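Hi,

Here is the model I promised to pass on. Have a look at it first, and then read my notes below.

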Amino acid sequence: MANRRSFPINSSESQPAVSELDSLERSELQALIGGIVEGHGLWCEEVIVGGAPGDRVLSVFVDRIADVDGVILDTIANVTHEISAALDAQGDDLPEIGTDTYTLEVSTPGIDRPLVRQHHWEKNLGRVVNVVIDGDEPVDAKVHNVDGNGVDLVRIIPGAKKGMPVKYSDPQYYRYEQLSNAIVQVQLK
């Protein structure tokens, strides 16, 4: 069984997504897989070769950029099929994998992926996140605005006593470097 993916928790730990890389910056494997993923109108987050020699796991994480509905299973199945066919066409010696046997896993990062890149925040505009600001205790806040350097957050302040209504702060701007462990809070309508 593959190890659970551990995502970076802040922007300083994060590497650029494959879809953010210039074609000359991509490895041969990233270029092959990224082209297929992007051909389906998806964002290629990461291409990771893990596992042990002889039992490799090739993990591909895909996402939509602006569509909050996420990626449908049929699309993932089609992308997986195309990546598998492209890798088979490469022969027995694959870039970064060599001749080892491998398992291909194509999935989305999931809701537990911390928001670390600008497009993560943009995709979740208007949603509530639980976030650590400047290393303090986590707080709930609504994503109000996003730009290239940071995010405007509206903090949600619980009522003073149980049953009292929550209060909302004015939007406050935070640089990406100030934010960590930002996880979208699922809210039922």
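Some housekeeping: residues are numbered from 1 along each chain as its sequence is written, and side-chain values use heavy atoms, with hydrogens and water left out. This is a predicted model, so local features need pLDDT of at least 70 and side-chain atom pairs count only at pLDDT 80 or more, while totals for chains, interfaces and linings use all residues.

On confidence, pLDDT is the predictor's own score for each residue, from 0 to 100. The chain averages 87, and 88% of the residues score at least 70.

Two strands count as paired if DSSP finds at least two bridges between them. Three strands make an open sheet in the order 1-2-3, with mixed pairing. Strand 1 (43–52) and strand 3 (102–107) are the edges, each pairing on one side only. Neighbouring strands of this sheet are turned by 15 degrees against each other on average, direction ignored. Strand 2 (residues 55–63) runs parallel to strand 3, joined to it by six bridges, and V60 stands opposite V106 of strand 3.

Two helices go with this sheet. For the angles, axes are lines fitted to C-alpha atoms (for helices over the stretch in contact), and values run from 0 to 180 degrees between N-to-C directions; contact means heavy atoms within 4.5 Å. Helix 2 (residues 73–89) packs on the sheet and touches strand 2 and strand 3, its direction making about 150 degrees with that of strand 3. Helix 1 (residues 28–39) lies across strand 1 and strand 2, at about 135 degrees to strand 1.

The axes of helix 1 and helix 2 come within 9 Å and cross at roughly 145 degrees. On the helix 1 side the contact is made by L29, L32, I33, I36 and V37, and on the helix 2 side by V79, E82, I83, A86 and L87. Nine of the contact residues are nonpolar, none is polar and one is charged (Ala, Val, Leu, Ile, Met, Phe, Trp, Tyr, Cys and Pro count as nonpolar, Asp, Glu, Lys and Arg as charged, and the others, Gly among them, as polar).

Further along come the hairpins. Strand 4 (residues 128–133) and strand 5 (residues 139–146) run antiparallel with four bridges, and V128 faces K142 across the pair, standing opposite it. Five residues lie between the two strands of this hairpin, and D134 in the turn has a positive phi of about 55 degrees. Strand 5 also pairs with strand 6 (residues 150–157), antiparallel over five bridges. That hairpin has three residues between its strands, and A141 stands opposite R155.

Leaving aside residues up to four places away in sequence, Q178 touches V132, I133, D134 and Y173. I72, in the loop between strand 2 and helix 2, is partly exposed at 48%.

Cheers

Key:
Buried means under 20% relative accessible area, exposed over 50%, partly exposed in between (1.4 Å probe, protein chains only).
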